[in-house]
Amino acid sequence: MSDKTILLVEDNPDDEALTLRALKKNNILNRVMVVRDGAEALDYLFCQGAYAGRDSSLQPAVTLLDLKLPKVDGLEVLKRLRADARTRLLPVVILTSSKEEQDLASGYSLGANSYIRKPVDFTQFMEAIRQVGLYWLMMNEPPPKK
Amino acid sequence: MRKGFDDQLSRWTARLPFSSLRARLLLLLFLALLPAYGFILYSVFEARQQAAEHARENALWLTRLMASEQKSLIEVIRQQLQSLAQLSIVRRPEQAALCSRTFASLRAQNAFYANLGVIDADGTLRCSALPFAGRVNLSDRDFFREAMRTRAFAVGGYQISRVTGKGSANLAYPVLDAANTPQAAVFVALDLSALADRLIETTSLPEGSTLTILDNHGTILAHQPDTEQWVGKSLPDAPLIQTILSHGKEGIAEEAGIDGVERLYVFKPFYSTAAKQIYISAGIPTAAVFADAQRLLARALLLMALVTAAVAAVIWVGSNDLLLRPAATLMRAARRLGQGDLGVRTDLPHTSDEFGQIASSFDDMANTLQTREAEAARAEEEIHRLNADLERKVIERTAELAAANQELEAFSYSVSHDLRAPLRAIDGFSQAVIEDYADKLGDQGRDYLNRVRAATQHMGHLIDDLIKLARVARAEMKRETVDLSALAGSVLADLQTSEPARKVDWRIEPGLVTSGDANLLRVALDNLLGNAWKFTGRQAHARIEFGALHQASPGMDEVDRVGNRQPKTGEQAFFVRDNGVGFDMTYAGKLFSAFQRLHNVGEFPGTGIGLATVRRIIHRHGGRVWAEGAAGKGATFYFSL
């Protein structure tokens with residue numbers, strides 16, 4: 001279980017801290033890789049730029065993707081992942097403040113595996129993170145590696 | 001009446017193969033000449049009458065002349081016979097042979113003496129101009145018997161001579177002795193045919209005329225021409241003869257003669273005895289009588305036809321310049337105008353005659369039309385320009401509106417996304433402090449942090465509701481048939497699911513169907529039924545009802561309050577009624593404004609945006625919403641669509 005990585009794409013340090021806290025409080029001790037904008041997320045996942053030397057066979061078990069991001073926004077990141085054979089099957093969970101219908105619709109149509117709205121209430125946020133971790137890290141069988 | 005005739009005339013002429021102006025002119029000419037033709041025919045008829053009259057008079061005169069000639073002839077014969085009666089060759093029987101010779105020479109001198117002779121008192125023919133054989137007794141002859149009896153000149157009837165074998169009339173004179181006793185009778189047999197021949201010769205009757213001599217028994221004594229065919233025939237039943245006999249004196253008749261030919265017959269008795277009447281009748285052929293009139297008619301008609309032809313030719317040629325050319329010019333101009341060429345003009349001089357006036361009127365009309373067309377074109381251009389302007393403005397405004405909408409969208413998105421992040425941080429870190437530093441916080445410190453968290457979460461709900469309100473305002477409307485009863489059932493079922501412990505008695509009137517946007521109406525019912533659910537939370541026996549009124553009740557109408565609308569008769573209103581805490585009608589006006597609440601958050605949570613959202617939705621449907629209630633006695637929310 002511990003070899004499964006979580007990729008957290010989040011530009012807001014508060015949300016980052018709260019998410020990491022929620023993971024920790026829920027005893028999800030997997031390695032969490034945090035990137036702070038869309039471009040960095042793409043670099044990481046495609047092992048390019050600053051992450052050129054990364055082992056491309058070690059892809060995150062789940063990517064928690066915020067939508068509103070600097071440089072490249074979340075939906076664009078999702079689109080590029082789904083367009084590339086290497087990342088086409090990666091589980092991506094959209095984790096965002098937006099509850100706009102258009103975001104929901106585009107998220108799912110671009111191939112998001114799940115869409116979770118960050119609640120204001122931290123208790124509820126904790127519960128959401130717990131369920132995401134439980135599902136994607138423990139229940140879900142990851143897609144076969146090439 | 002006159003107009004009807006004109007109409008009929010023009011309809012009739014329109015049906016003619018040549019219904020042109022020229023043909024009408026010619027028709028007019030013929031109509032105008034009709035009286036002249038009538039006059040000619042009348043004149044000819046008059047001439048005919050006159051000719052007939054003239055012929056009649058002429059014939060009558062001729063007949064009279066003939067009759068008088070006959071009379072004098074008979075008188076001559078009487079005197080001759082009287083003279084002969086004195087001659088010794090007549091008086092002495094022994095000189096009979098000499099008598100016969102003398103008479104024969106006398107007969108030869110006179111064409112119409114068929115015979116002459118002397119008859120003895122016993123009736124024996126003693127002497128005769130024509131030779132005779134043996135003994136001939138003529139004692140039965142009327143002329144002989146009458147002459148012997150009356151001792152005077154006697155005229156016998158027509159008879160066929162036993163001596164000559166010809167038709168003749170005999171005249172006799174007695175030969176008296178000294179004692180005035182008739183010893184014999186000298187006679188002449190008149191050859192009536194020869195007589196008639198002579199009459200025709202002496203009178204100038206036209207070709208084809210007839211002359212007939214007949215007696216009162218209808219026996220034809222002489223007839224010219226064709227004497228042999230007719231002489232001796234008794235035709236008392238022939239129409240002409242009947243006419244003559246019944247007339248008895250001179251007269252005229254225009255009818256068929258005995259030969260069946262129509263003639264003008266003039267007749268007159270010209271010799272009569274006590275027992276006999278002899279008539280002479282002249283027949284003049286009608287054709288001859290009317291020949292002059294016919295010639296006159298033919299000449300006049302020919303002349304008239306020439307005049308007509310000449311005038312027609314003049315009209316034919318003259319109408320071209322005087323009428324047809326200007327008419328054709330006008331017609332061409334009118335046709336071109338009809339085809340839309342408003343620049344066309346007649347180019348005819350605007351004289352004071354009819355064509356000039358028509359041309360003038362036409363040109364004026366064309367001018368007016370052209371001016372109007374130009375004005376219309378200008379107006380149309382103006383309209384086009386204004387339309388284009390308007391369209392451009394609409395496009396501009398639409399673009400502006402779209403930009404504004406986009407901005408609003410971006411704003412909402414931003415609010416939805418960015419305002420919530422700090423709240424989550426405040427709430428999250430407050431919770432972290434409560435959890436991680438519980439030992440350093442007193443009860444009061446924990447209470448404060450909990451209040452911070454509660455306020456943060458309320459702020460989150462406010463943001464969510466504001467976003468919803470904004471979305472309702474800008475969402476696109478799709479009208480469709482919506483089953484409100486089903487929708488209400490679904491909303492209440494959801495509420496029951498969210499709070500399974502609550503026991504609420506809810507009733508929904510079935511079959512309430514309306515037309516509207518299903519999503520928006522769902523939001524409206526979410527809010528109304530959600531409120532009812534919320535405000536009946538403290539009732540032991542909560543009751544929620546959804547139904548419809550068919551007569552709108554003014555109630556405390558927030559629209560009426562501003563005086564904009566009156567309830568419509570027959571307007572269908574739906575309502576959501578509960579037996580919850582209700583509200584004070586004094587504040588009913590504030591119910592539908594955003595952020596207005598009649599209860600504090602401690603009593604019933606809420607943002608004060610729900611009813612504002614409902615009102616927005618109902619207004620977007622063109623309906624209205626109002627409420628009735630009393631503190632502690634429940635509330636009823638009405639809406640119409």
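**Figure 1. Surroundings of B:V186 in the predicted model.** Apart from neighbours within four places in sequence, B:V186 is in contact with B:L81, B:L84, B:A85, B:V90, B:F103, B:G117, B:V118, B:L171, B:A172, B:Y173 and B:V175. B:V186 is also among the residues with the most contacts inside the largest nonpolar core.

**Figure 2. The largest nonpolar core, with 39 residues.** Besides B:V186, the residues with the most contacts inside this core are B:I77, B:L81, B:F103, B:L116, B:V118 and B:L171. Helix α2 of chain B (residues 21-86) contributes 8 residues, the largest share of the core.

**Figure 3. Another core, of 37 residues, lying apart from the largest one.** Its members include B:V504, B:L528, B:A542 and B:V625.

**Figure 4. The interface of chain B and chain A.** Here 25 residues of chain B are in contact with 25 residues of chain A. The area buried between the two chains is about 2,100 Å², and carbon and sulfur atoms give 47% of that area. B:Y413, B:H417 and B:R424 supply 34% of the area that chain B buries against chain A, more than any other three residues.

**Figure 5. Salt bridges and polar contacts between chain B and chain A.** Across this interface there are 7 salt bridges and 13 residue pairs in polar contact. One salt bridge joins B:E435 to A:K25, with the closest N and O atoms 3.3 Å apart.

**Figure 6. The side of chain B that touches chain A.** Helices α10 (354-436) and α11 (443-474) of chain B are the elements that each give two or more residues to this side. The largest share, 17 residues, comes from α10(B). By class, this side of chain B has 11 charged, 7 polar and 7 nonpolar residues.

Methods. Residues numbered from 1 in each chain as written. Chains lettered and ligands numbered in written order. Predicted model: local features only at pLDDT ≥ 70, side-chain atom pairs only at ≥ 80, totals over all residues. Heavy atoms only, no water. Core = buried A, V, L, I, M, F, W, Y, C linked by side-chain atoms within 4.5 Å. Buried < 20%, exposed > 50% of the residue type's maximum accessible area, 1.4 Å probe, protein only. Helix = DSSP H or I, 4+ residues; strand = E, 2+ residues; numbered from the N terminus. Contact = heavy atoms within 4.5 Å. Buried area = accessible area lost by both parts, 1.4 Å probe. Salt bridge = Lys/Arg side-chain N within 4 Å of Asp/Glu carboxyl O. Polar contact = N/O pair within 3.5 Å; in protein donor to acceptor, adjacent residues only side chain to side chain. Nonpolar A, V, L, I, M, F, W, Y, C, P; charged D, E, K, R; others polar.
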